[in-house]
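User: I am new to this structure. Please take me through a few of its features, one question at a time.

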Amino acid sequence: MSENTESSESVRSAESAGAKAATDAATDTHPRGAAAAAADTVRLPEPQVREFEARHIGGGLALLLGLLGLALGVGAVIGGAALHADHRGGAAATVLIVAGVLVGLTSLIAMSGLQMVAPGQARVIQLFGRYRGTIRTDGLRYVNPLTNSSKISTRVRNHETPVLKVNDAYGNPIELAAVVVWRVEDTAQAMFEVDDFLEFVATQTEAAVRHIAIEYPYDAHDEGGLSLRGNAEEITEKLAVELAARVEAAGVHIIESRFTHLAYAPEIASAMLQRQQAGAVVAARRQIVEGAVGMVEQALARITEHDIVELDEERKAAMVSNLMVVLCGDRAPQPVVNTGTLYQ
């Protein structure tokens, strides 16, 4: 009875902990936390097979012995045929022919175990359907002739996604494409864990790009937020992390990932261009005003420091107004010469 009570309490505590974790992941609104939570949700089955080295030897000696056995078999058949043609030693000729045929067939079967492995290529060995290892050593190798092998490339590859149209975090339609540099790290997983690892990488790359695109805006409205255009390095790092988690089951190693195309969709491109231009104008005006204020402040300080002329508050205000108009105006000002006194 006490054991049942303890097990019930442990189940309830586990359920409450799981509910709390799910609530925390759902209420995490920070982009970095959201991306981490999204990457954690990629749960693929544990691989059932791992790569290990197959038993093999150098193929040069095996090729030589196979050719020698084939030559002996052919010679025995020819000798037996000659004896049979001379009507001498009929039984011996028959035995010699049969032995020659058996030796030749055995040599041919044995030579089927020769495997040629090119640089940047591996051979996955199977014996009656079971995985028996991988050969990565290039050159002529020899394995059990009853096995069969499959070629798989371990070279570095590129995959470029087509231009995808998705909505960013603000709901704006954007177009983006990415290129992924990858290679096969575990040949056993690539061959047996997924149906087609090339198609698997292509599909998971597109899924990761779409997921990253909807997590972040094209342009962040606030200064502290991440955006696809303004924080390309950080976003591509997150893309590489998520993509590595997605293709890990296929034994694929992601070397690098980059966005190759990023733009607003044509239907809103003109409107967003006007917004970007307005933002650039506001930023330029802000910088001009900051510089003008500094120059006016410096001018007033120099006039006061060198005691060039005494100005009351009204004249200082007029001077500041004139200087700000001159420094912040779009067009060159037209000067007006004062031929009277300072106060006329």
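This is a predicted model: local features need pLDDT of at least 70, side-chain atom pairs count only at pLDDT 80 or more; totals for chains, interfaces and linings use all residues.

User: How many aromatic pairs does a search of the whole structure find, and what kind of pair do F52 and Y131 make?

Analyst: The search covers the whole structure and finds four aromatic pairs. In the pair of F52 and Y131, the ring centres are 5.0 Å apart and the planes stand at 65°. Planes over 60 degrees apart count as edge-to-face. So the pair of F52 and Y131 is edge-to-face.

User: How many residues apart in sequence are the parts that F52 and Y131 tie together?

Analyst: F52 sits in the loop between α2 (31-40) and β1 (57-58). Y131 belongs to strand β4. The pair therefore ties together parts separated in sequence by 79 residues.

User: Is Y131 buried or exposed?

Analyst: Buried means under 20% relative accessible area. F52 has 40%, so F52 is partly exposed. Y131 has 12%, so Y131 counts as buried.

User: What is the angle between the planes of W182 and F197?

Analyst: W182 lies in strand β9 (residues 173-184) and F197 in helix α6, so their pair links parts 15 residues apart in sequence. W182 is buried at 3% relative accessible area, and F197 is buried at 11%. Their pair is edge-to-face, with 6.3 Å centre to centre and planes at 80°.

User: Which residue is the bridge partner of Q121 in β6?

Analyst: Strand β3 (residues 121-127) pairs with β6 in the antiparallel sense, over six bridges. One of the residues in β6 partners Q121. That residue is S153.

User: Which residue has its backbone oxygen 3.4 Å from a polar atom of the S257 side chain?

Analyst: S257 is in strand β10 (residues 252-264) and is buried, with a relative accessible area of 4%. Leaving out residues up to four places away in sequence, S257 touches V179, V180, T236, L239 and A240. The backbone oxygen at 3.4 Å belongs to T236.

User: What distance separates the C-alpha atoms of E215 and L226?

Analyst: E215 is part of helix α6 (residues 197-215). E215 counts as partly exposed, at 25% relative accessibility. L226 is eleven residues from E215 along the chain, and their C-alpha atoms are separated by 9.8 Å.

Definitions and conventions. Residues are numbered from 1 along each chain as its sequence is written. Side-chain values use heavy atoms; hydrogens and water are left out. Helices (H or I, at least four residues) and strands (E, at least two) are DSSP runs, numbered from the N terminus. Buried means under 20% relative accessible area, exposed over 50%, partly exposed in between (1.4 Å probe, protein chains only). A polar contact is a pair of N or O atoms within 3.5 Å; within protein, one must be able to donate a hydrogen and the other to accept it, and residues adjacent in sequence count only if both atoms are side-chain atoms. Contact means heavy atoms within 4.5 Å. Two strands pair if DSSP finds at least two bridges between them. Rings of Phe, Tyr and Trp (its six-membered ring) pair if their centres lie within 6.5 Å; planes under 30 degrees apart count as stacked, over 60 as edge-to-face and the rest as tilted.
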